[in-house]
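Let's take a walk through this protein together.

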Amino acid sequence: MTEIGEVVERMTAVEWSERMDDCNNGSSKNKQQIVMIVVMELSTMDSEYAQLEEQYHAVTSALGRKISALQTVARTALTPDVVQQKEALVEECENDIYEANQVIQKMEVEVRHYPYHLASKVRQQIKQFRSGLETQKRDFNRIRLLQPSSSAVQAQRRNDASHRSQRRALLQANQSVMRQDQSLANTTRLLDEATETGIGVTTSLHEQREQLLRSKDAVAETNTVLVRARRTLQRMARRAVMNKVLTGFVIFVELLAIVLIVYLKWIRKPHHDNNGGHN
């Protein structure tokens, strides 16, 4: 009976009337099952709401820590790193505020299914959550607009002057390095040009050497051909001399034969004939 009484307190009149009609129309076993179903439904609602409540506390706690960190950063002299850190914290705070609003909206949707007496108590709690979130939002909007203090500004100016001096020194050093780099680049370019010229000369000398070697081979071949030609000419000259000698000898023999024939036919024979006539 105690369990049933607690269930009745957490349900609306219409819901309880519907459940009672089901109980009256059913057996004792069915009544117990209906009561158990009602208890399980309410337990499920509590569990879901508890999860949302835990999520809300986690988000708002993280939001509070980030707002405190943002307040510390906002009072610091502005440097590129500080500005970047501040922008990151602002973005994270905005995301947390949005997430907390989403959790509260889910709570409001969840409480619609609660019985009347329990819903009014939960809505009061949700109202307190929203009020706390609004307070954090106001703190966040106030802190994000904070400017550095006068001492921080003076320190920032000193830092800026120091940075400008260091920047000028770095620029001068950079210009000196650039001039040295340019000089080295020119020297490297001259060395490259000299190397290319040397390579070109070496290539030309190599080609000329090959040409000389080819010329030497050609001269050697020409000498060989000339030697062969000279030997051939010598052989031809000897043959020509031999031919001339043979031709002269033949002519001489022929002339001698002719003289002999003439002598024997026209000179000796008439003389022989004349000697015979005298006799």
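Start with Glu-193, which is partly exposed because its relative accessible area is 38%; here buried means under 20% relative accessible area, exposed over 50%, and partly exposed in between, worked out with a 1.4 Å probe and protein chains only. Glu-193 forms a salt bridge with Arg-189, and their closest N and O atoms are 3.2 Å apart. A salt bridge here is a side-chain nitrogen of Lys or Arg within 4 Å of a carboxyl oxygen of Asp or Glu. Arg-189 counts as partly exposed too, at 41% relative accessibility. Both residues sit in helix H6, four residues apart, or about one turn of the helix.

A word on what you're looking at: this is a predicted model, where local features need pLDDT of at least 70 and side-chain atom pairs count only at pLDDT 80 or more, while totals for chains, interfaces and linings use all residues. Residues are numbered from 1 along each chain as its sequence is written, and side-chain values use heavy atoms, with hydrogens and water left out.

Now zoom out. The protein has six helices and zero strands, so reading along the sequence you get α-α-α-α-α-α, where helices (H or I, at least four residues) and strands (E, at least two) are DSSP runs numbered from the N terminus. Of its 279 residues, 17% count as buried. The accessible surface comes to about 21300 Å², with 57% of it belonging to carbon and sulfur atoms; such areas come from the Shrake-Rupley method with a 1.4 Å probe, and for residues only the protein chains shown count as cover. A nonpolar core is a set of buried Ala, Val, Leu, Ile, Met, Phe, Trp, Tyr and Cys residues joined through side-chain atoms within 4.5 Å. The largest one here has 28 residues, and those touching the most other members are Tyr-49, Tyr-56, Met-107, Tyr-114, Val-122, Ile-126 and Phe-140. Helix H3 (28–74), helix H4 (80–111) and helix H5 (116–144) each supply at least two residues of this core, and H4 gives the largest share, with 10 residues.

Follow H5 for a moment. It has 29 residues and reaches 41 Å from its first C-alpha to its last, close to the 42 Å expected at 1.5 Å a residue; that expected span is 1.5 Å times one less than the number of residues. Among the buried residues of H5 are Leu-118, Val-122, Phe-129, Leu-133 and Phe-140. Ile-126 is on the buried list as well. Which residues does Ile-126 touch, not counting those up to four places away in sequence? They are Tyr-49, Ile-104, Met-107, Glu-108 and Val-111.

Leaving aside neighbours within four places in sequence, Asn-101 is in contact with Arg-130, Leu-133 and Lys-137.

Back to charges: side chains of opposite charge can pair when their charged atoms come close. The structure holds eight salt bridges. One of them joins Glu-94 and Arg-144, with the closest N and O atoms 3.3 Å apart. Glu-94 lies in helix H4 and Arg-144 in helix H5, so this pair ties together parts that are 50 residues apart in sequence. Both count as partly exposed, Glu-94 at 37% relative accessibility and Arg-144 at 31%.

Glu-108, which you met beside Ile-126, forms a salt bridge with Arg-130, their closest N and O atoms being 3.2 Å apart. This pair links distant parts of the chain, with Glu-108 in helix H4 and Arg-130 in helix H5, 22 residues apart. Glu-108 is partly exposed at 32% relative accessibility, and Arg-130 is partly exposed with a relative accessible area of 26%. Elsewhere, Lys-66, Glu-92 and Asp-96 are linked in a network of salt bridges.

Buried or exposed, or something in between? Leu-264 counts as partly exposed because its relative accessibility is 40%.

Methods
Contact = heavy atoms within 4.5 Å.
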